[in-house]
Amino acid sequence: MAGRRGWKAKEIVIIGIMVATLEAAKTVLAVLPNIELVTFLLIVYTLVFGRKTIAAAFAFVGVECLVWGMGLWVINYLYVWPLLVLIVRVVHRTGCRSALAYAVVSGAFGLGFGALCAIPYLVIGGPGMMMSWWVAGIPFDLLHGISNFILCLVLFRPILRALEKAEARFR
């Protein structure tokens, strides 16, 4: 990735393309409650582009701030998306290439998204506020987890193959 002399132009372009597709995918599906491709895309990007995906995750949060402004959700995004990348890197190090395994990771992440995003509310208002915020969102977390699982299961192989081919061309 970045050596002593900094980022290479190719790496910056790859990160930019990842961020652009993350933002486009999020925007296109914004009309559907808790159905998103960001989780799936971060999973396949991590498998293909490795730790560059962490930079893309943070840059994505920056773009989201430019589009939507600042709010408490920014704190959530600053740890939730990089956490997903780290989880995928750990799973990948086991040698896992199974669409089903990554669909489970994606689904579990969607199910746990509300709980992860409730953490700042623990600091702000204590355990009661955190639990009430999380419990109120459980129906959305269920939809999030189920849709993440299905999307990843269906799209994993074709998108992973396409990204691997594209990445191999530009090595």
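Which helix is R161 found in? Look for helix α8, which covers residues 138-169: that is where R161 is found. Keep in mind as you explore that this is a predicted model.

## The overall fold

Let's start with the whole chain. It has eight helices and zero strands. Read from the N terminus on, its elements run α-α-α-α-α-α-α-α. The radius of gyration is 16 Å, close to the 16 Å that the globule rule gives for 171 residues, so the chain is as compact as a globular protein of that length.

Of the 171 residues in the chain, 40% are buried.

## A positive patch on the surface

Now back to R161. This residue belongs to a patch of positive charge on the surface, where R157, R161, K165 and R169 gather. How accessible is R161, and how is it classed? Its relative accessibility is 48%, and R161 therefore counts as partly exposed.

## The salt bridge between K26 and E64

How many salt bridges does a search of the whole structure find? The search finds two. One of them is formed by the side chains of K26 and E64, with a distance of 3.0 Å from N to O. K26 lies in helix α1 (residues 9-28) and E64 in helix α3 (residues 52-68), so this pair ties together parts that are 38 residues apart in sequence.

Are the two partners buried or partly exposed? K26 counts as partly exposed because its relative accessibility is 23%. E64 counts as buried, because its relative accessibility is 1%.

## The salt bridge between R97 and E164

The side chains of R97 and E164 also meet in a salt bridge, at 2.5 Å from N to O. Here R97 lies in the loop between α4 (72-93) and α5 (99-117), while E164 lies in helix α8, so the pair ties together parts that are 67 residues apart in sequence.

Technical notes. Residues numbered from 1 in each chain as written. Predicted model: local features only at pLDDT ≥ 70, side-chain atom pairs only at ≥ 80, totals over all residues. Heavy atoms only, no water. Patch = residues over 30% accessible without salt bridge, like charges linked within 9 Å, V, L, I, M, F, W, Y side chains within 5 Å. Areas by Shrake-Rupley, 256 points an atom, 1.4 Å probe, with all protein chains shown as cover. Salt bridge = Lys/Arg side-chain N within 4 Å of Asp/Glu carboxyl O. Lys, Arg positive; Asp, Glu negative; His and termini not counted. Charge placed at Lys NZ, Arg CZ, Asp CG, Glu CD. Helix = DSSP H or I, 4+ residues; strand = E, 2+ residues; numbered from the N terminus. Buried < 20%, exposed > 50% of the residue type's maximum accessible area, 1.4 Å probe, protein only. Rg over C-alpha atoms; globule rule 2.2 N^0.38 Å.
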